Amino acid sequence: MSKIVVFGASGQLGQCLQHVAKERNVTDVVFLPEEQADILDAAKLQAVFAQYRPAYCINCAAYTAVDRAEDDVDLARKINRDGAENLSRVCDEFETTLIHISTDFVFAGTGNQPLIETDETEPISVYGLTKLEGEQVVAEHTSRYFILRTSWLYSEFANNFVKTMLKLGRERDELRIIWDQIGTPTYAIDLAGCIFTIIERQSQQYGVYHYSNEGVTSWYDFAKAIFELSNTSVNAVPIRTAEYPTKATRPAFSVMDKTKVKTNLQLAIPHWRDSLKECMSRI
Ligand SMILES: NC(=O)C1=CN([C@@H]2O[C@H](COP(=O)(O)OP(=O)(O)OC[C@H]3O[C@@H](n4cnc5c(N)ncnc54)[C@H](OP(=O)(O)O)[C@@H]3O)[C@@H](O)[C@H]2O)C=CC1
Ligand SMILES: Cc1cn([C@H]2C[C@H](O)[C@@H](COP(=O)(O)OP(=O)(O)O[C@H]3O[C@@H](C)C(=O)[C@@H](O)[C@H]3O)O2)c(=O)[nH]c1=O
């Protein structure tokens, strides 16, 4: 396989990529720790690219604290937009294909039909806005890019909703969980598999893609499935968004249509329940 460099390697998706690389015996891949490869340091990026001359660059680095971003706009924008710009410029210079990860939070979430790649974006949070700006600079500065929009990532690695529910479920008798935000969870191991498939197939069908697991759920129903699979006896109470005030507003409906990725890459995507089961067996 061609040489690959990964930024944001110690985050959740970065760790999943490391796991899948081992599973698939992908050896020509370099997982760069942040101290060696800060995406805000354009000079260091030049040095990294000159050293490795990668065919592919996977960008998992991001500012992902959705609520904190509302008060930390400058840093969120630096990492999610300026970092993406630095990478897309250096990728263009070295003729490297950039695989950049984005989010369902670029959408307002006011509709009720699965979202396709060309649907209008209208972020309603600082995180969503800065991620959209990141998409825009990538498309502006290089032509060889895949932007993969994904949603509700979880895995056995790092912090995520599944691990939070398991922890809170053990500590509390009752949990109140939003049921009027509808979307699709994504097992980050499946997304990592999709990324390596793009590389293995040497696809040149560049552009924006939606990738999540199959199916639809609410955070409440997702939590119920987590509790069932883990035999957690906590009482889960469905509540509306208004009853769970947060700094950032989240889209009410962010189900994404995956027809494009499935067709172009001939990819089978697992249902979220099957992937959740798989993940829980590994936690
Ligand atoms: N988590 C989710 O639910 C979803 C995530 N996404 C997107 O998927 C991608 C991966 O997310 P995920 O793995 O969950 O996120 P994480 O927050 O787990 O990982 C992001 C990583 O980026 C690192 N990072 C931050 N700033 C820089 C920098 N300047 N240079 C290099 N690395 C940096 C972080 O390091 P440190 O921790 O030290 O700051 C962290 O290791 C992101 O683009 C995210 O926006 C999309 C939809 C859902
Ligand atoms: C802990 C908890 C959360 N919730 C709700 C709040 C929120 O609407 C939802 C998920 O909460 P979290 O804080 O885990 O996740 P959140 O930060 O909203 O997750 C988002 O992260 C970014 C990075 C993305 O790109 C999105 O796709 C999405 O995954 O669950 C409850 O209703 N009850 C609870 O006890």
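In which helix is A21 found? A21 is found in helix α1, where helices (H or I, at least four residues) and strands (E, at least two) are DSSP runs, numbered from the N terminus. The structure is a predicted model, in which local features need pLDDT of at least 70 and side-chain atom pairs count only at pLDDT 80 or more, while totals for chains, interfaces and linings use all residues. Residues are numbered from 1 along each chain as its sequence is written, and chains are lettered from A and ligands numbered from 1 in the order in which they are written.

A residue is called buried if 20 or more other C-beta atoms lie within 10 Å of its own, exposed if 12 or fewer, and partly exposed in between, with the C-beta atoms placed from the backbone. Because A21 has 19 C-beta neighbours inside 10 Å, A21 counts as partly exposed. When neighbours within four places in sequence are left aside, A21 is in contact with V26 and V29, contact meaning that the C-beta atoms of two residues, placed from the backbone, lie within 7 Å. A21 and K260 are 239 residues apart in sequence, and their C-alpha atoms are 24 Å apart in space.

The UniProt record, in an unreviewed entry, places the feature "domain: RmlD-like substrate binding" at residues 3-282; such positions are given in the numbering used here, feature names are shortened, and annotations may be inferred rather than shown by experiment.

Two ligands were examined through the residues around them, a residue being near a molecule or strand if its C-beta atom, placed from the backbone, lies within 6 Å of it. Ligand 1 is surrounded by 25 residues, the closest of which are G8, G11, Q12, A61 and A62. At least two residues of this shell come from each of α1 (12-23), α3 (73-93) and β4 (97-103), and α1 provides the largest share, 3 residues. By class, the shell around ligand 1 divides into 12 nonpolar, 10 polar and 3 charged residues, where Ala, Val, Leu, Ile, Met, Phe, Trp, Tyr, Cys and Pro count as nonpolar, Asp, Glu, Lys and Arg as charged, and the others, Gly among them, as polar.

Around ligand 2 there are 18 residues, with V66, T103, F161, I178 and W219 the closest. Helix α5 (161-171) and strand β7 (174-178) each supply at least two residues of the shell around ligand 2, and β7 gives the most, with 4 residues. The shell around ligand 2 holds 10 nonpolar, 5 polar and 3 charged residues.

Helix α5 has V162, M165 and G169 as its buried residues. Seen down the axis of α5, these buried residues fall within an arc of 60°, so they line one face of the helix, the arc being that of the directions from the helix axis to the C-beta atoms. The face of α5 turned away from its buried side carries the exposed residues K167, R170 and E171. The elements covering the buried residues of α5 include β6, β7, α7 and α9.

In helix α9 (residues 272-282), W272, S275, L276 and C279 are buried. These residues cover an arc of only 105° around the axis, which puts them on the same side of α9. Their cover includes β6 (153-154), α5, β9 (186-187), α6 (188-200), β11 (217-218) and α7 (219-229).

In soluble globular proteins, nonpolar side chains tend to be buried together. Not counting residues up to four places away in sequence, V6 touches G14, L17, V29, V30, F31, L32, I58 and C60.

D72 lies in the loop between β3 (56-59) and α3 and counts as partly exposed because it has 16 C-beta neighbours inside 10 Å. E95, in the loop between α3 and β4, has a positive phi near 55° although it is a residue other than glycine, and Q202, in the loop between α6 and β10 (207-210), has a positive phi of about 50° and is not a glycine. E95 counts as exposed because it has 11 C-beta neighbours inside 10 Å, and Q202 counts as exposed because it has 11 C-beta neighbours inside 10 Å.
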